[in-house]
Amino acid sequence: MGLAVTDATLNGEPVTLRAEDGVIAELGPSVATAAGDEVIDGSGMALVPGLVNAHTHAAMTLFRGFADDLPLMVWLEEHIWPAEARLEPEHVYWGTRLACVEMIRSGTVAFWDMYWHPEAVARAVEDAGLRAVVATPLIDGPDSAKARAEADEALDRVRESTSGRVRAGYAPHAPYTVGPESLEWVAGRAAERKATIQIHLSETQKEVEDCVAQYGVRPAFHLDKSGLLGPGTVLAHGVWLDEDELDLIAERGATVVTNPVANLKLAVGGIFPYPAARDRGVEMGIGTDGPGSNNSLDLFSDLKTFALLQKNAAFDAAAVDAAETLKLGRGEASVLLRSPALSEGDPADFLLVRADVPELALGALDAALVYAASGAVVDTTVVAGRVLMTGSVIEGAEEAVRKAQECASEIGVR
Ligand SMILES: [Zn+2]
């Protein structure tokens, strides 16, 4: 028994898609449904790949609207970090479940997460049905050895709970919260354990200045000295990377993930140098960042903001187009992030968008998705052949909202 989507269009042509065992078994104009198939009527819908949110802290849905409109370091140090100290695994679980509802609803099929209690994040992802790379955070405290051991143990717990949709990784928070010794340790452990690395890099100008003052080099060179720049590393933000750093990152094959909406909301004052990175062949992706600092998980909004910001910064409306913006959103601009394409034999991860709604009914679909749509145009989200939403209905959505509200009250942010 499989899943069949009938009468949807793919690149403008009517097709039927059949999935079996989580994989696209057949796709084309003359494909027929099989007896026992779960059938979705795709009339009026376009079949498109899902989005990849390449940097977020999903459980921070709990902090949405809490201590908003404050400078980054005040927001973090005086409000978020003290509240995070009160988090229990169950809070993280329901915060992540709520985030998964929002991502399923707005067409995200996979995300890269870094947050406390990663085993609870992994459990939420498993239950929600999405894919995620769940990274175990590391911040050097008074006892760095203990922090490193805890990150390692957390990685074990994430790995034990995986079904194939969840992968485990390390997340040293940033060069300004993790010392060179721990950075080097992460690079070594990630290589040994074949795990990915996620780290914040050059979000603010001040952290660049501090890095130069403390270590004598800019942040990308500082990470490289610890062995942290490689094809398995995601660098979130990269707003203040200079040309020498972009050359180095291109050479090492690390992926830079831009977070345009969060950068604007936290007023970092700069814009990720996308054209310079693209010209050098830097691997790239796009993320929402956490819902505490965006505050939305609707990646369509980030796609539009990204394209507009880059056009404006370049004084050139042709600086970035809709098709390349969508590639960024689908993880297709990075080998590390790459999401399976819509072909036979690929994992059955896809969306049905309502091609007959006003925003999408006229003109080119790519341009409409980037410049006119929001996540509300998504009707159906399928991951690994499992229907997570259809007709805009997600099983368990109300429970996730209610439980997340209870959790926010328990930790005193509501
Ligand atoms: Zn972040």
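The model is predicted, so local features need pLDDT of at least 70 and side-chain atom pairs count only at pLDDT 80 or more, while totals for chains, interfaces and linings use all residues. Residues are numbered from 1 along each chain as its sequence is written, and side-chain values use heavy atoms, with hydrogens and water left out.

Now show the zinc ion together with His-55, whose NE2 atom is one of its protein donors; the others are His-57 (NE2), His-200 (NE2) and Asp-289 (OD), and they lie 2.1 to 2.3 Å from the ion. Donors are N, O and S atoms within 2.8 Å of the metal (3.2 Å for Na, K and Ca), and since water is not among the atoms, sites may look incomplete. Along the chain the donors follow the spacing H-x1-H-x142-H-x88-D. His-57 also counts as buried, at 9% relative accessibility. The angles among the four donor atoms run from 86 to 170 degrees, and the site is irregular; four donors count as tetrahedral if all angles lie between 85 and 135 degrees, four count as square planar and six as octahedral if opposite donors are over 155 degrees apart and all others between 65 and 115, and anything else is irregular.

Next, colour the open sheet of eight strands, whose order is E6-E7-E8-E9-E10-E11-E12-E13 with parallel pairing. Strand E6 (51-56) and strand E13 (283-286) stand at the edges with a single partner strand each, so one side of each is left without a neighbour in the sheet. Neighbouring strands are turned by 25 degrees against each other on average, direction ignored. Strands (E, at least two residues) and helices (H or I, at least four) are DSSP runs numbered from the N terminus, and two strands pair if DSSP finds at least two bridges between them. Within this sheet, E7 and E8 run parallel and are joined by five bridges.

Helix H12 (residues 322-329) packs on the sheet, where it touches E6, strand E12 (255-258) and E13, and its direction makes about 85 degrees with that of E13. Contact means heavy atoms within 4.5 Å; axes are lines fitted to C-alpha atoms, for helices over the stretch in contact, and angles run from 0 to 180 degrees between N-to-C directions. In H12, select Glu-324, which counts as buried at 19% relative accessibility; leaving aside neighbours within four places in sequence, Glu-324 is in contact with Tyr-274, Arg-278 and Ala-319.

Move to helix H3 (residues 118-128), of whose eleven residues eight are buried, including Val-121 and Glu-126. These buried residues pack against several elements, among them H2, strand E7 (108-114) and strand E8 (131-138). Just after H3, Gly-129 takes a positive phi of about 100 degrees.

Gly-95 lies in helix H2 (residues 89-105) and is buried, with a relative accessible area of 0%. Beyond its neighbours within four places in sequence, Gly-95 is in contact with Ala-58, Ala-59, Thr-61 and Leu-62.

Finish at strand E2 (residues 13-20) and strand E3 (residues 23-28), which run antiparallel and are joined by five bridges. Leu-17 has Leu-27 in E3 as its bridge partner. The hairpin has two residues between the strands, and there Asp-21 takes a positive phi near 50 degrees.

Technical notes. Buried < 20%, exposed > 50% of the residue type's maximum accessible area, 1.4 Å probe, protein only.
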